[in-house]
Amino acid sequence: MTLVLNGCILLLQEHQLLKKAEIVFDNEITAVTYDSLQAQKDGMFFCKGTHFKEDYLRDAQQRGASTYVSEVEYPQIKGMNALIVRDVQKAMALLGAAFYDYPQNQLMIIAFTGTKGKTTSAYFTRGILQDYTNKKTALFSTIDRIVGPQSQQRFKSDLTTPESLDLFHDMRQAVDNGMTHLVMEVSSQAYKRNRVYGLKYDVGFFLNITPDHIGPNEHPDFADYLHCKLQLLVNSRCCVLNADSDHFTEIYQAATATTAPENIYLFARQTKHKNANIDFIYYNEEATLTDSQFTILSQTPKARLLNIDGCYQLSLTGDFNECNATAAIIGAGLAGAPYQLAKNAIANVHIPGRMESLKTQTHGTVYIDYAHNYASMRALLSFLKRQNPQSKIIVVVGSPGNKGVSRRAGFAKALTQFADQAYLTTDDPGFEDPQEICQEIDQKIDHQRVAVQIVLDRQQAIQQAITVSRPGDLVVLAGKGEDAYQKVQGIDTPYPNDLHVAQQVIQELE
Ligand SMILES: CC(=O)N[C@H]1[C@@H](OP(=O)(O)OP(=O)(O)OC[C@H]2O[C@@H](n3ccc(=O)[nH]c3=O)[C@H](O)[C@@H]2O)O[C@H](CO)[C@@H](O)[C@@H]1O[C@H](C)C(=O)N[C@@H](C)C(=O)N[C@H](CCC(=O)O)C(=O)O
Ligand SMILES: Nc1ncnc2c1ncn2[C@@H]1O[C@H](COP(=O)(O)OP(=O)(O)OP(=O)(O)O)[C@@H](O)[C@H]1O
């Protein structure tokens with residue numbers, strides 16, 4: 001992979017990004033990076049980030065980088081080409097795509113955004129497409145990035161949507177490994193930070209939106225959060241929208257800004273749909289504590305062409321997962337996967353840390369779920385309450401430090417609405433005191449309705465919650481899914497994940 005400087009200049013000019021180019025020597029660029037520690041001879045180094053220091057550029061130069069791209073000039077740095085740009089993140093995305101030779105053009109890309117359900121829908125879609133494409137579907141999710149069929153081609157993710165250079169690097173790998181399709185999650189931060197600038201998707205999904213990710217390091221307000229998320233639709237050739245989502249009017253408008261109505265599909269749960277233009281409705285047939293059956297029906301001629309009507313079974317429960325699965329089946333249908341194939345494949349999809357359940361002999365049923373804001377907690381607990389109105393609901397939950405502060409009040413609200421007993425505990429406290437976070441949640445809980453204990457040691461909280469439960473009770477371990485760490489003081493501290501802890505507790509009890 002290479003870039004020529006002239007080509008870079010033309011590309012940046014075409015996008016009105018170039019302020020100034022200082023060319024000292026005209027060499028071919030043979031590497032790109034934003035991390036000085038990874039800089040290589042004849043490489044291009046991007047100066048970006050809140051904590052960027054000139055020393056990093058010096059370090060990159062020492063390691064052989066010949067060109068830097070930056071929003072500001074560094075006159076002290078001699079003997080390097082300098083491309084001074086208006087927005088380094090945008091420049092990085094454009095030059096990254098060019099360096100890796102536009103791998104997106106060789107992949108059918110299905111992208112998901114939404115406050116909740118991105119990972120679940122992405123896993124479902126990939127599950128179906130793996131069968132349809134004979135194992136040639138890559139996945140970029142919050143949990144992992146899968147760029148090929150071998151186990152060593154699967155990596156744990158740091159971010160839901162990676163930095164642009166990592167994104168295009170991984171897409172290139174996927175193409176070189178023979179992948180023909182890519183399913184990916186796109187976070188609002190990806191747009192805020194221009195990680196996906198210039199990228200177009202074949203199919204873009206908007207699942208839902210509720211207030212989240214609003215705070216000092218994320219979005220200043222809800223309008224900004226919604227605006228960022230809507231960009232996915234503006235960049236999708238075909239848009240699929242959940243018509244039950246809040247703010248549907250704005251969502252539909254964003255889709256129609258760049259996409260003709262014949263390439264926009266709407267889906268909705270049957271009980272709620274009011275819009276005559278809905279293309280697909282879905283409805284529950286049966287739900288148990290561990291799985292669910294639901295039906296999808298086409299409502300319009302263009303929807304019928306996908307040939308996905310019928311009854312489906314999921315090996316995980318939750319009516320919200322029927323919504324995610326419907327999205328996935330439509331996405332796979334647009335790629336060509338028909339009903340019978342989708343039905344067989346989706347029944348076997350397992351999603352780490354999403355509605356995993358453990359049945360016990362002498363205690364309650366335990367759920368491990370990644371629910372970590374009000375919307376997901378409400379979706380989860382209201383579903384369990386509806387399915388099992390007589391059951392006592394015991395919840396273990398904490399809230400992270402230094403982000404999503406509104407989640408604390410959200411947890412208190414959801415617990416007050418649906419829980420009988422709560423253990424407030426530690427969940428990625430970062431640089432905050434977990435005791436204070438728990439107290440903030442506790443203060444907003446109605447103690448007439450919910451019995452609350454603060455148990456900071458998460459393993460002990462889980463142990464106590466399962467131990468006090470009786471047969472018929474539902475014990476929910478929320479927020480961490482299968483995370484095997486706690487983020488404490490900037491360090492990922494190993495933690496033997498909620499599923500593992502629960503399995504051990506159950507083993508000791510029975
Ligand atoms: C706010 C945000 O998006 N921050 C991300 C961003 O940080 P940054 O650009 O500000 O970089 P920085 O950490 O200040 O570091 C400065 C620069 O110096 C470089 N450096 C550093 C040390 C050195 O020796 N040499 C060197 O060159 C670093 O490589 C970096 O480029 O780029 C970093 C990678 O270069 C990311 O790790 C970091 O994500 C932070 C940790 C994060 O947690 N972001 C969250 C908010 C996020 O993006 N979440 C969304 C999901 C949420 C949603 O649904 O919206 C996601 O997509 O994951
Ligand atoms: N469609 C949905 N509506 C509401 N809640 C949902 C939905 N799908 C999943 N959830 C809840 O949200 C949790 C997270 O789901 P998932 O990981 O699929 O979403 P995500 O969009 O990837 O989340 P995040 O951005 O927080 O990583 C699940 O464990 C479940 O509790």
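**Entry 1: Lys 229**

I started at Lys 229, which sits in helix H7 (residues 222-234); helices here are DSSP runs of H or I with at least four residues, strands are E runs of at least two, and both are numbered from the N terminus. A note on the model before going on: it is predicted, local features need pLDDT of at least 70, side-chain atom pairs count only at pLDDT 80 or more, and totals for chains, interfaces and linings use all residues. Residues are numbered from 1 along each chain as its sequence is written, while chains are lettered from A and ligands numbered from 1 in the order in which they are written.

Is Lys 229 buried or exposed? I found Lys 229 buried, because 27 other C-beta atoms lie within 10 Å (20 or more make a residue buried, 12 or fewer exposed, in between partly exposed, with C-beta atoms placed from the backbone). Leaving aside neighbours within four places in sequence, Lys 229 is in contact with Thr 113, Ser 188 and Ile 209 (contact: C-beta atoms, placed from the backbone, within 7 Å). An unreviewed UniProt entry annotates Lys 229 as "modified residue: N6-carboxylysine"; such annotations may be inferred rather than shown by experiment, and positions follow the numbering used here, with feature names shortened.

**Entry 2: ligand 1**

Next I looked up ligand 1. Of the 22 residues around ligand 1, Gly 49, His 51, Leu 159, Thr 160 and Ser 187 come nearest (a residue is near if its C-beta atom, placed from the backbone, lies within 6 Å). Helix H6 (residues 188-192) gives the most to this shell, three residues. Domain 1 (3-99) and domain 2 (103-346) both give residues to the shell, so ligand 1 lies between them; the domain bounds come from an automatic or database assignment.

**Entry 3: ligand 2**

Which residues come nearest to ligand 2? Of the 22 around ligand 2, I noted Gly 117, Lys 118, Thr 120, Ala 371 and Ser 376. H12 provides the largest share of the shell, four residues. Domain 2 (103-346) and domain 3 (356-509) each supply at least three residues to the shell around ligand 2.

Last, I visited Cys 8, in helix H1 (residues 5-14). Cys 8 and Ala 98 are 90 residues apart in sequence, yet 8.5 Å apart in space, C-alpha to C-alpha. Leaving aside neighbours within four places in sequence, Cys 8 is in contact with Leu 3, Leu 83 and Leu 95.

Terms used. Contact = placed C-beta atoms within 7 Å.
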